[in-house]
Amino acid sequence: MMQNPFTTTFSKAPENTYIATQKTNEILDNFSYDHPSESVYKITGVRGSGKTVILAKIEEELRSEWNKEKGWIVLDLNPARDMLGQIAAMLHKEGYGKDDTKNRSLNISATVLGTGGGVGYSSEKEDPFFDIGVEIEIMIQQAQENGKKILIGIDEVSKTSEMVMFASEYGRWLRANYPVYLVCTGLYENIQEVSNVKNLTFFRRATTIKTEPLNAVRMSEMYRNRLNIAIDEAREMAKCTKGYAYAFQKLGALYFKKQSNETLEDIIPELKSELFAYSYEKIWEELTEADRFLASLLTEKNEYKREEVLKLMGQKSGNYSMYRDRLLKRGILESRQAYISFALPFFSDYIKEYC
């Protein structure tokens with residue numbers, strides 16, 4: 001039996017149904033230069049829109065043999081743990097650090113680096129002068145002398161003490177012009193919280209990449225080739241997803257498993273159910289009351305003119321621009337000339353049925 005080519009697991013990059021986006025290519029093009037012009041990218045977008053996939057593809061490309069030969073080292077950090085410790089341990093494993101650091105200050109056991117333990121560090125308690133930031137800087141300098149470039153990838157950042165501590169150190173590396181680059185993903189509001197931390201000006205000014213809808217032609221071709229169906233059916237499927245990455249994968253997986261006597265129309269209710277339960281419920285929870293208020297007004301037709309929305313908002317119409325801009329940045333709404341509409345397929349149905 002043929003394996004289902006579509007992947008519906010969050011945070012997992014699809015192998016056989018991956019569709020490249022312009023955003024991924026934009027970042028990789030920058031990193032292909034000897035001296036990239038941008039050092040930091042923040043990837044934002046709604047849940048299920050492909051943020052993690054963009055990061056995974058960038059890391060995968062820079063880990064390739066071609067880029068290893070060009071000097072790239074890729075460090076994929078877990079934001080829930082001590083990030084400076086992880087960097088120290090990973091660079092130590094790459095062979096960097098002072099001789100006495102390797103033997104004394106950083107005690108990196110086989111258990112830590114081996115089976116299931118991730119990576120970490122422990123400093124000698126009797127050494128009052130040990131500083132993890134100083135140790136990492138020495139390692140980075142050595143890597144630089146060896147012609148290396150370091151990419152740090154962090155998925156789903158938020159304002160935690162670990163992230164603030166890491167970002168403060170990273171800002172120092174930027175000012176010192178070390179070849180250390182950062183690509184991170186996060187929800188719009190979480191990225192904003194980190195950006196607003198005092199003394200993290202570099203993070204606030206860093207390039208923000210917003211996930212974009214998948215290309216309709218590429219989706220249609222993927223459906224046609226992977227599911228062996230007519231192009232008209234494939235185009236209709238692509239249209240149903242509105243380019244939302246999770247919906248694209250989910251609909252493909254459902255179509256692959258459908259019975260021979262079932263049609264696309266028959267599986268749409270199951271697609272909606274999956275989107276509602278595994279994506280939209282969480283998205284709705286994370287919206288503010290103001291965001292929900294505006295979203296709830298937009299459920300009766302496909303798109304609305306500004307004047308129509310102002311009328312529906314009544315006394316709150318003065319807040320329209322602020323509410324709309326926030327939903328646009330979060331990836332909930334999309335705008336077309338003077339119109340706004342939901343960027344997510346069947347999101348208005350979810351609001352009407354469950355909110």
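Predicted model: local features only at pLDDT ≥ 70, side-chain atom pairs only at ≥ 80, totals over all residues.
Residues are numbered from 1 along each chain as its sequence is written, and side-chain values use heavy atoms, leaving out hydrogens and water.

**Exercise 1.** Work out the order of the strands in the open sheet of three strands.

*Solution.* Begin with the terms: strands (E, at least two residues) and helices (H or I, at least four) are DSSP runs numbered from the N terminus, and two strands pair if DSSP finds at least two bridges between them.

Step 1: β6 (residues 304-305) pairs with β8 (residues 339-342) in the antiparallel sense over two bridges. Y304 has I340 as its bridge partner, and K305 has Y339.

Step 2: β7 (residues 333-336) and β8 are also antiparallel, over four bridges. Here R336 stands opposite Y339, and in the hairpin, with two residues between the strands, Q337 takes a positive phi near 55°.

Step 3: The order is therefore β6-β8-β7. This leaves β6 and β7 as edge strands, each pairing on one side only.

**Exercise 2.** Find which strands helix α17 touches.

*Solution.* Contact means heavy atoms within 4.5 Å. By this test α17 (residues 320-330) packs on the sheet, touching β7 and β8.

Terms used. Axes fitted to C-alpha atoms, helices over the stretch in contact; angles between N-to-C directions.
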